[in-house]
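These are my notebook entries on a single protein structure.

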Amino acid sequence: MGDVLVGACSWTDRQLVASGWYPRGRRDAEGRLRHYASRLPVVEVDAGYYALPSRRNSELWLERTPEGFRFDVKAFSLLTGHPTRPEALPADLRGADPDRLRRGQASDGLLDEVWGRFAEAVEPLRKAGRLGTVLFQFPPWFAPGSRAEEALEACARRTEGRPIAVEFRHPGWWAAERADTTHALLSALGASAVGTDMAQDVPGALPPVTPVTRPSLAVVRFHGRSRAWGRGSKEDRFRHDYSVTELAARVPRLRRAADLADELHVLFNNCCADAAVRAAETMRELLTPPRR
């Protein structure tokens, strides 16, 4: 069985900071990360989706966390075809057509430049062996088909030499009749498939699969069981307190995934107050083999 690292999809979420999970004296930027890393061994940097990260931040993250701690960094919105505010780009790149940016569209040249800067920012993590993966979360309208496959192939070429994971938000990718094709495609591209956990009785629900397409790393993200998926505020979409029973029901699948990969990352995205970190700590206990 490979190493299993369990964590949350942010350590800086405002509701988490306000929840009281961080003790007094450890609520500044450095203290928060040091405290988080003392409790959990992996974190997802979701801020990379909203703005390009900086190399200096990566260097500080390394200084503030122990050896073996992993960072999974979410790819910038434009790299996955999401609507992007011109203000989210560096000043010298804001000459791009704002209407195209708001539709999540950009020229290959701009995408290459944005990826180059993103890659440079996370290079200290990669060089130190602390970059778990770069997470490419594609939008619900990124449906299976030849155009999407071409986009994935371009993404793999652009990111060659760096670990990547792919999460689809269109349920068709993992529908029963398509799952084997999707598995083979991601395997050929050297990308880790991202399994998900979410409510199943909502439109656009993703099936609770845990595919392993890259032997070095498997990833599963728990989004909560909110019935407001796809609508409402961020808090509405991801508000959920996982019960021990709900978490325990996923343990067998997670262990099977861990048997097929060198490392499994289990990340909680139910980002309301301290729900994600509490669920992560509980799941970590459930996945820890009993001492003999």
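The entries below are grouped by topic.

**Basis of the entries**

I worked from a predicted model, in which local features need pLDDT of at least 70 and side-chain atom pairs count only at pLDDT 80 or more, while totals for chains, interfaces and linings use all residues. Residues are numbered from 1 along each chain as its sequence is written, and side-chain values use heavy atoms, with hydrogens and water left out.

**Entry 1: salt bridges**

I began with charge pairing. Side chains of opposite charge can pair when their charged atoms come close. I took a salt bridge to be a side-chain nitrogen of Lys or Arg within 4 Å of a carboxyl oxygen of Asp or Glu. Searching the whole structure, I found 23 salt bridges.

I then followed Glu167. Its salt bridge with Arg169 has the closest N and O atoms 2.9 Å apart. Arg221 also forms a salt bridge with Glu167, and here the closest N and O atoms are 2.5 Å apart. The latter pair links distant parts of the chain, with Arg221 in strand β7 (residues 218–222) and Glu167 in strand β5, 54 residues apart.

I next checked burial, where buried means under 20% relative accessible area, exposed over 50%, and partly exposed in between (1.4 Å probe, protein chains only). Glu167 has 0% relative accessibility and therefore counts as buried. Arg169 has a relative accessible area of 14%, so it is buried. Arg221, at 1% relative accessibility, is buried as well. Within it, Glu63 forms a salt bridge with Arg56, the closest N and O atoms being 3.9 Å apart. Arg56 is partly exposed, because its relative accessible area is 47%.

**Entry 2: Lys74**

For contacts I required heavy atoms within 4.5 Å. Not counting residues up to four places away in sequence, Lys74 touches Glu44, Val45, Asp46, Gly48, Tyr49, Phe118, Leu135, Gln137 and Arg221.

**Entry 3: two loop residues**

Thr159 is in the loop between α7 (146–158) and β5 (164–168). With 2% relative accessibility, Thr159 is buried. I found its side chain reaching the backbone oxygen of Cys155 at 2.8 Å. Beyond four places in sequence, Thr159 touches Trp115, Phe136 and Ile164.

Gly190 lies in the loop between α8 (179–189) and β6 (192–197). Gly190 is partly exposed, because its relative accessible area is 35%. Not counting residues up to four places away in sequence, Gly190 touches Ile164 and Arg214.

**Entry 4: helix packing**

In helix α2 (residues 29–39), I listed Gly31, Arg32, Leu33, His35, Tyr36 and Ala37 as buried. These buried residues pack against β1 (3–8), α1 (14–18), β2 (42–45), α4 (55–63), β3 and α11 (275–287). For α4, the buried residues are Ser58, Leu60, Trp61 and Leu62. Their cover includes α2, β2, β3 and α6.

**Entry 5: pocket and cavities**

I searched a 1 Å grid over the protein atoms alone: a cavity is a set of points where a 1.4 Å probe fits but cannot get out, a pocket is an open set with protein on both sides within 12 Å along at least five of seven lines, and lining residues have an atom within 4 Å of a point. Grid points are joined across faces, edges and corners, and a volume is the space filled by probe spheres set on the points.

The largest pocket has a volume of about 690 Å³. Of its 24 lining residues, Gly81, Gly104, Phe142, Arg147 and Ala151 are the closest to its centre. The largest share of this lining, eight residues, comes from α7.

I found four cavities of 30 Å³ or more. The largest cavity has a volume of about 70 Å³. Its lining includes Ala8, Cys9, Ser10, Asp13, Cys271 and Asp274.

Technical notes
Helix = DSSP H or I, 4+ residues; strand = E, 2+ residues; numbered from the N terminus. Polar contact = N/O pair within 3.5 Å; in protein donor to acceptor, adjacent residues only side chain to side chain.
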